[in-house]
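I kept notes as I went.

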Amino acid sequence: MLKPLFDRNCELIGWIEPGKHIFNCNMDWIAYISGGHAWSSETGNWIGPVNELVCLDTSGRVIAWSTGSTIRGTARPARPARSAIPARPARPVTPVGGWSNLSINEWLNQ
């Protein structure tokens, strides 16, 4: 369930799917959450910790918050290890019916 995210002026700045994803107001996916930290969906860079429904910058200062959460920063957090890229799996056999001719972008933009 998506929760609204607000800035210091109580302006709506996006939406958070707790423990999973962050979206801007246009519902563009802007970050994913892994291990209590937010990572940019565009660059893959660490952008700061997420404490429940409070998003912090890399200095531990509050960037965004949602109602029902305790709004507080932290001391400068340690930079987490970058998420591991999964190893390439073995090539599967051709599935019944064959492979689609669509690229991933064509499939997403249908």
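**Entry 1: ground rules.** I noted that this is a predicted model, in which local features need pLDDT of at least 70 and side-chain atom pairs count only at pLDDT 80 or more, while totals for chains, interfaces and linings use all residues. Residues are numbered from 1 along each chain as its sequence is written, and side-chain values use heavy atoms, with hydrogens and water left out.

**Entry 2: Phe6.** I found Phe6 in strand 1, residues 3-6. Strands here are DSSP runs of E with at least two residues, numbered from the N terminus. Is Phe6 buried or exposed? Phe6 has a relative accessible area of 17%, so the residue counts as buried (under 20%; exposed is over 50%, partly exposed in between, with a 1.4 Å probe and protein chains only).

I then listed the contacts of Phe6, leaving aside neighbours within four places in sequence: Glu11, Leu12, Ile13, Ile63, Ala64, Trp65, Ser66 and Thr67. Contact means heavy atoms within 4.5 Å. For Phe6 and Thr67, 61 residues apart along the chain, I noted a C-alpha separation of 8.5 Å.

**Entry 3: aromatic pairs.** A pair of aromatic rings is described by the distance of the centres and the angle of the planes. Rings of Phe, Tyr and Trp (its six-membered ring) pair if their centres lie within 6.5 Å; planes under 30 degrees apart are stacked, over 60 edge-to-face, and the rest tilted. By this rule I have two aromatic pairs.

The rings of Phe6 and Trp65 have centres 5.3 Å apart and planes at 40 degrees, so this pair is tilted. Phe6 is in strand 1 and Trp65 in strand 8, so the pair ties together parts 59 residues apart in sequence. Both Phe6 and Trp65 are buried.

Trp29 and Tyr32 also form a tilted pair, at 6.3 Å centre to centre and 35 degrees between the planes. I wrote down Trp29 as partly exposed at 42% relative accessibility, and Tyr32 as partly exposed at 24%.

**Entry 4: the largest pocket.** How many residues line the largest pocket? I noted 16, of which Ile22, Ile30, Ile47, Cys55 and Ile63 lie nearest its centre. A pocket is an open set of points on a 1 Å grid over the protein atoms alone, where a 1.4 Å probe fits, with protein on both sides within 12 Å along at least five of seven lines; lining residues have an atom within 4 Å of a point. Strand 6 gives the most to this lining, with four residues.
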